[in-house]
Amino acid sequence: MKFGKSVCIINVGGTKYAFPKDVIKDFPLRRVSRLHSCASEREVLEVCDDYDRERNEFFFDRHSEAFGFIMLYVKYGKLRFVPHMCELSFYNEMIYWGLESSHLEFCCQRRLDERMSDTYTHFTEEHHKTANEISRTDEPSNGKRDSKWLERMRRTFEEPTSSLAAQILASVSVIFVIVSMVILCASTLPDWNTAESNMVEEHRIIEAVCIGWFTAECIVRFIVSRDKCEFVRHPLNIIDLLAITPYYISVTMTVLTGENSQLQRAGVTLRVLRMMRIFWVIKLARHFLGLQTLGLTLKRCYREMVMLLVFICVAMAIFGALAQLLEHGLDLESGNEEYASIPAACWWVIISMTTVGYGDMYPITVPGRVLGGLCVVSGIVLLALPITFIYHSFVQCYHELKLRSARCTQSLSAEFLN
């Protein structure tokens with residue numbers, strides 16, 4: 001900020017907060033931190049509703065009590081709803097200041113999810129404008145220096161719904177993923193080796209074209225990315241690298257060991273690298289909202305997933321030990337040999353708790369069968385306990401991603417019309 005005093009006053013609905021300039025620069029709320037990069041009053045008025053140069057005071061015509069709770073989040077790191085305030089209204093305030101529902105405490109996330117599930121939410125033009133402004137603030141302070149075509153390229157490759165070109169590019173990428181997966185699956189068929197002598201060149205050409213497309217796409221996305229370090233750390237980009245690298249490693253090993261070498265044909269390493277190309281399927285998450293929702297849900301529900309694993313492990317230990325004792329431990333001579341050890345019994349426990357029941361092993365004694373019934377019922381109950389939390393998180397993640405996609409589409413439509 002190149003104007004005003006060293007102390008900034010934030011006036012939200014009549015409640016004033018004073019902050020030094022240095023604090024404004026790294027403020028956790030994106031809308032407030034944008035004030036530091038403003039170089040003129042005109043840019044300031046794009047962020048706030050009014051500005052007083054003499055007092056260096058910024059006016060925001062927003063809910064003061066809601067902002068007070070948001071400031072508690074800034075101070076203590078915990079965000080909860082304002083009592084006696086509509087959850088959707090508070091959520092709109094969060095969007096205005098640059099927060100998402102993931103910043104809420106888990107109990108409040110569930111309340112918001114229930115309201116959004118029961119109510120068809122209408123966002124006003126002001127809220128859409130706010131969302132567009134927030135999406136633009138994700139650019140770094142030197143983003144204005146970047147050329148427009150570079151930003152268009154980034155959106156085309158990163159946001160499949162941003163434009164017609166992005167949709168075409170995403171469709172082509174999906175086609176290449178499907179083709180590569182069909183080739184990978186077909187190469188494991190018994191008749192493939194017989195026909196491979198006639199189709200080897202076509203197979204290699206198609207595979208090379210698919211890998212070339214994925215490599216070019218990854219390189220372009222890396223070049224046009226805003227933050228190269230963040231690009232490398234992104235999970236989907238790591239998956240892209242894992243899907244591309246095995247091909248080049250296998251080609252290198254083929255060149256070094258020889259095409260007809262027995263080492264190349266029977267090498268376990270090459271077969272493992274070839275199967276790693278199954279990661280191509282996960283590339284579809286970049287273009288499909290459902291897979292993105294699934295990934296985000298698993299990320300947010302890791303506590304529930306760990307709790308589920310703990311439940312299963314405890315049940316496996318208890319029922320596995322009892323099953324080994326009842327089926328084999330009480331009668332070592334004529335006992336059921338399939339339950340000779342607790343690890344073997346644990347396999348029976350896990351397939352019984354999940355109600356799979358392969359039938360490869362089963363209890364033959366009456367106490368063992370009673371224990372099997374208890375194991376099945378316990379498995380149903382234990383597996384059902386965390387489902388409610390995971391379901392609510394899934395619905396919430398779906399609403400967030402769908403709303404984010406709608407904002408992006410509306411923003412780009414407005415830019416196109418302008």
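**Notes on the predicted model**

1. Asparagine 56 is buried, with a relative accessible area of 0%, where buried means under 20% relative accessible area, exposed over 50% and partly exposed in between, for a 1.4 Å probe and protein chains only. Although asparagine 56 is not a glycine, it has a positive phi of about 55°, and its place is the loop between β3 (50-52) and β4 (57-60).

2. On the basis of these comments: this is a predicted model, in which local features need pLDDT of at least 70 and side-chain atom pairs count only at pLDDT 80 or more, while totals for chains, interfaces and linings use all residues. Residues are numbered from 1 along each chain as its sequence is written, and side-chain values use heavy atoms, with hydrogens and water left out.

3. Threonine 355, which is not a glycine either, also has a positive phi of about 55°, but this residue is exposed, with a relative accessible area of 51%. Threonine 355 sits in the loop between α17 (342-353) and α18 (366-384).

4. Strands β1 (residues 7-12) and β2 (residues 15-20) pair in the antiparallel sense over six bridges, pairing being assigned if DSSP finds at least two bridges between two strands. Within this pair, asparagine 11 stands opposite lysine 16 of β2, and in the hairpin, which has two residues between the strands, glycine 13 takes a positive phi near 60°. Strand β1 is also joined to β4 by four bridges, and these two strands run parallel; valine 12 has phenylalanine 60 in β4 as its bridge partner.

5. The axes of helix α15 (residues 289-300) and helix α16 (residues 302-329) come within 5 Å and cross at roughly 70°, which makes α15 roughly perpendicular to α16, a term for angles of 65 to 115 degrees. Leu298, Lys299 and Arg300 of α15 make the contact with Tyr302, Glu304 and Met305 of α16, contact meaning heavy atoms within 4.5 Å. By class, three nonpolar, no polar and three charged residues take part in the contact of α15 with α16.

6. For the protein chain, the secondary structure comes to 19 helices and four strands, taken as DSSP runs of at least four residues (H or I) for helices and at least two (E) for strands. Of its 418 residues, 39% count as buried, and residues 24 or more positions apart account for 64% of the contacts with a separation of 6 or more.

Definitions and conventions
Axes are lines fitted to C-alpha atoms, for helices over the stretch in contact, and angles run from 0 to 180 degrees between N-to-C directions. Angles under 35 degrees count as roughly parallel, over 145 as roughly antiparallel, 65 to 115 as roughly perpendicular and the rest as oblique. Ala, Val, Leu, Ile, Met, Phe, Trp, Tyr, Cys and Pro count as nonpolar, Asp, Glu, Lys and Arg as charged, and the others, Gly among them, as polar.
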